[in-house]
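The following exercises concern a structure with two chains.

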Amino acid sequence: MSVVELIAVTKVYTLPRGSLTALDQVSMSIDAGDFVSIMGPSGSGKSTLLNIIGCLDTPTSGKVVIGDEDVSALTDEELTRIRRDKIGFVFQQFNLIQTLTAVENIAYPMRLKGLSGHEARSKELMWSVGLSEDLSENKPSELSGGEQQRVAIARALANEPETILADEPTGNLDSKTSSAIMELLREMNERGTTIIVVTHDPVVAAYTRKTFRLVDGRIASIESVT
Amino acid sequence: MIFFEFARRNLARHKFRSVLAVIGIVIGVLAITALGILGNSVRLSASEQLHLIGNELVVFPYGDASISEDQFEQIEKVAAGAIPVKSGVDKVIFNEETALVSVYGLRSEDMPNLLERADGQFLKHGSSDCLVGARLADDYEVRVGERVTLKTQKPRIVGILQERGIGFDINPDSAIIISDKLFEALYESTGYNLVIVKLESVEETEAVRTKIEDRLNKKEQVVMVMELKMIVEGIKNLFNMISLFLLGIGSISLVVAGVSILNVMMMSTVERTKEIGVMRAIGTSRKGILQMFLFESLILGAVGGVIGAGLGFSVGYLVDVLILKEASYLFTASSIAYLILGVAFGIGTSVLSGLYPAWRASRLKPIEALRYE
């Protein structure tokens with residue numbers, strides 16, 4: 001069963017100097033429980049693809065299915081709900097909310113959804129991403145980069161999404177912390193979460209089982225590790 | 001309420017800026033409440049001092065003449081119970097002190113209808129005694145039973161009147177009142193200086209006025225009829241205008257405060273663009289963002305409004321005690337209403353100023369906001 005399916009997805013940006021085709025008839029399918037990477041040089045359409053899979057943007061044409069929902073033509077409100085419930089985001093710059101403490105950042109998606117028991121579950125998530133409980137009341141500015149990314153991963157897991165979308169998750173980290181974060185993502189994948197990593201770093205891509213290479217808005221190759 | 005919590009923390013994050021924005025609201029609300037309470041107190045104190053009765057008509061002679069007995073009878077036909085008044089100014093000696101005061105000659109039967117006693121009694125029919133107004137009695141320390149000297153006569157004071165306030169018909173507070181007969185004898189006067197007509201209701205005044213005018217001013221104008229209602233309304237309008245003017249001054253400072261809040265909120269939405277993008281990306285709805293910013297302006301307005309109203313009340317209290325020497329005006333419903341109005345204006349201005357920035361923030365596209373550095 002696939003958690004993400006794209007069928008002939010095209011995204012055209014209208015610019016003052018003419019139109020730009022960022023994605024050109026891209027079709028791909030990502031199975032539940034998979035661990036994949038999307039690679040490509042800058043300008044290849046990586047970010048556009050990530051935004052479309054992440055329901056932050058809608059395609060000009062083609063069909064996008066997340067889980068069992070066709071999201072190609074949903075309203076802003078419906079897309080917001082899918083982002084909250086079905087997708088977990090991990091960003092290069094961690095992007096934690098500065099006014100919230102570590103544990104509150106993790107609890108935030110659950111509070112948005114109106115889940116009860118979010119405090120206990122946030123603590124549990126902290127533990128599962130390898131953060132000491134002493135850090136729970138710290139603001140993001142009081143945490144190291146690696147700690148912030150762990151909080152971000154815990155936040156992404158909060159509403160038990162089917163898929164985690166990680167955009168250069170190790171881009172702002174040193175190599176030792178990077179491998180720890182990738183190990184953590186691998187662990188989360190082994191527990192059943194589908195993980196999609198967008199990266200240009202081959203070391204990061206090596207953690208994944210399948211790599212989609214994008215060139216000029218098209219999928220140039222798919223490499224699977226067997 | 002998570003978005004309220006966000007709002008509170010975001011304001012706390014920029015304490016100095018939030019305090020400045022609040023100060024603007026405080027000044028605006030302070031101006032509205034203090035000026036409102038002040039205007040209201042002045043109005044209340046004035047209406048205590050003015051003797052204003054809306055259902056009265058006063059008939060004056062036109063020109064130098066007086067109203068003749070004949071003309072008075074004509075008036076009485078239209079308005080039963082009309083009260084004829086003779087008046088003049090003369091030197092009166094109280095306990096060897098001479099004062100220039102108003103002297104009124106009234107029919108004894110009219111006195112209870114027009115005046116109120118503080119002490120003693122009214123004049124009996126045919127009496128050659130007198131009544132003294134409250135102010136005069138106070139200033140010259142005269143008591144019932146004493147005598148005053150008026151021309152050749154030495155009438156005895158049989159009653160002291162209650163304070164009536166400044167009136168547009170008669171002003172008995174600083175006057176002595178004698179019978180019409182005595183007045184006639186002393187001053188050889190024949191006609192009346194004015195006629196007071198008391199009516200059942202305010203609604204009748206215009207009709208009766210027209211009737212009197214039609215009857216007496218047939219050939220030429222001999223009388224002038226004044227409706228006290230019009231004066232009462234004129235004064236009310238004047239005070240309403242003063243109140244509005246003061247409120248206007250207060251509102252200007254609130255508008256300035258509103259602009260400063262708009263500015264603070266715009267700055268804050270631009271600064272937090274990236275954070276808004278993150279919040280939207282992980283599933284915060286537009287409504288949530290809108291609420292967060294509206295709560296921020298609500299908090300600014302409520303804090304500023306309450307502080308401003310508190311200060312406004314204190315200033316109003318000081319002014320009332322120091323200038324009007326009466327603090328009771330503060331605790332009237334109309335003064336309290338200005339406090340509520342002030343807080344409401346403060347919150348209203350603030351929320352209104354926050355609407356556009358909040359709306360703009362909620363319409364940001366998540367991808368573009370995320371990319372913002």
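Two strands pair if DSSP finds at least two bridges between them. Helices (H or I, at least four residues) and strands (E, at least two) are DSSP runs, numbered from the N terminus. The model is predicted: local features need pLDDT of at least 70, side-chain atom pairs count only at pLDDT 80 or more, and totals for chains, interfaces and linings use all residues. Residues are numbered from 1 along each chain as its sequence is written, while chains are lettered from A and ligands numbered from 1 in the order in which they are written.

**Exercise 1. Describe the hairpin of S9(A) and S10(A).**

Step 1. Strand S9 (residues 210-215) and strand S10 (residues 218-224) of chain A pair in the antiparallel sense over 6 bridges. One bridge joins A:Arg213 to A:Ser221 in S10(A).

Step 2. The hairpin has 2 residues between the strands, and A:Asp216 takes a positive phi near 50°.

**Exercise 2. Compare the radius of gyration of chain A and of chain B with the globule rule.**

Step 1. The radius is taken over C-alpha atoms, and the rule is 2.2 Å times the number of residues to the power 0.38.

Step 2. Chain A, with 7 helices and 10 strands, has a radius of gyration of 17 Å, close to the 17 Å that the rule gives for 226 residues, so chain A is as compact as a globular protein of that length.

Step 3. Chain B contains 12 helices and 12 strands. Its radius of gyration is 33 Å, whereas a compact globule of 373 residues would have one near 21 Å. Along the principal axes, the C-alpha atoms of chain B fill a box of roughly 100 × 50 × 30 Å.

**Exercise 3. Identify which residues have the most contacts inside the largest nonpolar core.**

Step 1. Such a core is a set of buried Ala, Val, Leu, Ile, Met, Phe, Trp, Tyr and Cys residues joined through C-beta atoms within 7 Å. A residue is buried if 20 or more other C-beta atoms lie within 10 Å of its own, exposed if 12 or fewer, and partly exposed in between; C-beta atoms are placed from the backbone.

Step 2. The largest core has 114 residues, and A:Ile106 and A:Ala154 have the most contacts inside it. Its largest share, 12 residues, comes from helix H2 (residues 15-49) of chain B.

Step 3. A second, separate core of 46 residues includes B:Ala79, B:Leu161, B:Ile212 and B:Leu216.
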